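Dear colleague,

Please find below the structure I promised to pass on to you. My notes on it follow directly after.

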Amino acid sequence: MKNYMYILVMAVTTYLIRVIPLAFLRREIKNRTFRSFLTYVPYVTLSVMTFPAILEATEETWISAVGFGVAMVMGYCRVSLFMVSMGCCLLVFLLQML
């Protein structure tokens with residue numbers, strides 16, 4: 001149930017951030033800073049909601065942190081999303097078995 005609340009809040013936030021400017025501004029937004037803000041809000045919202053869940057995914061926070069670190073490195077190296085998720089899941093599973 002808690003995960004569904006996260007998804008709902010993220011969806012509403014993303015929707016409102018995108019719709020409010022369209023509802024109140026009838027012309028094109030030319031301010032680069034404001035356009036940049038509107039572009040990155042959904043990504044920031046998703047990150048803020050996902051990061052605590054990542055750290056609380058296992059009983060040991062350090063295992064989650066190692067998995068997150070590996071995911072960041074793999075993502076930076078432009079590994080596919082599927083391979084990142086599979087690699088991190090396998091790593092966390094193996095670390096928990098120790």
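In which helix is T45 found? T45 belongs to helix 2, where helices are DSSP runs of H or I with at least four residues, numbered from the N terminus. Before going further, please note that this is a predicted model, in which local features need pLDDT of at least 70 and side-chain atom pairs count only at pLDDT 80 or more, while totals for chains, interfaces and linings use all residues. Residues are numbered from 1 along each chain as its sequence is written, and side-chain values use heavy atoms, with hydrogens and water left out.

T45 is buried, with a relative accessible area of 14%; here buried means under 20% relative accessible area, exposed over 50%, and partly exposed in between, computed with a 1.4 Å probe on protein chains only. Once neighbours within four places in sequence are left aside, T45 is in contact with M10 and T13, contact meaning heavy atoms within 4.5 Å. F51 also lies in helix 2, but at 36% relative accessibility F51 counts as partly exposed, and its C-alpha atom is separated by 12 Å from that of Y6, which is 45 residues apart from F51 along the chain.

I7 is found in helix 1, which covers residues 2-24, and I7 is partly exposed, with a relative accessible area of 48%. Between the C-alpha atoms of I7 and L46, 39 residues apart along the chain, the separation is 9.0 Å.

The largest pocket may interest you for your own work. Its volume is about 360 Å³. A pocket is defined on a 1 Å grid over the protein atoms alone, as an open set of points where a 1.4 Å probe fits, with protein on both sides within 12 Å along at least five of seven lines, and lining residues have an atom within 4 Å of a point. The lining of the largest pocket consists of 13 residues, of which T50, I54, G67, F68 and A71 lie nearest the centre. At least two lining residues come from each of helix 2 (32-55), helix 3 (61-76) and helix 4 (81-97), and helix 3 gives the most, with seven residues. By class, the lining has eight nonpolar, five polar and no charged residues, with Gly counted among the polar ones.

Helix 3 also holds G69, which is partly exposed at a relative accessible area of 29%; the C-alpha atoms of G69 and L55, 14 residues apart along the chain, are separated by 11 Å.

Helix 4 has 17 residues and reaches 24 Å from its first C-alpha to its last, close to the 24 Å expected at 1.5 Å a residue, the expected span being 1.5 Å times one less than the number of residues. The buried residues of helix 4 are V84, C88, V92 and L95. They cover an arc of only 65 degrees around the axis, which puts them on the same side of helix 4, the arc being that of the directions from the helix axis to the C-beta atoms. These buried residues pack against helix 3, whereas F82, C89 and M97 are exposed on the other side of helix 4.

Finally, R78 lies in the loop between helix 3 and helix 4 and is exposed, with a relative accessible area of 77%. Phi of R78 is near 65 degrees, a positive value in a residue other than glycine. Most residues other than glycine have a negative phi.

With best wishes

Key. Grid points are joined across faces, edges and corners, and a volume is the space filled by probe spheres set on the points.
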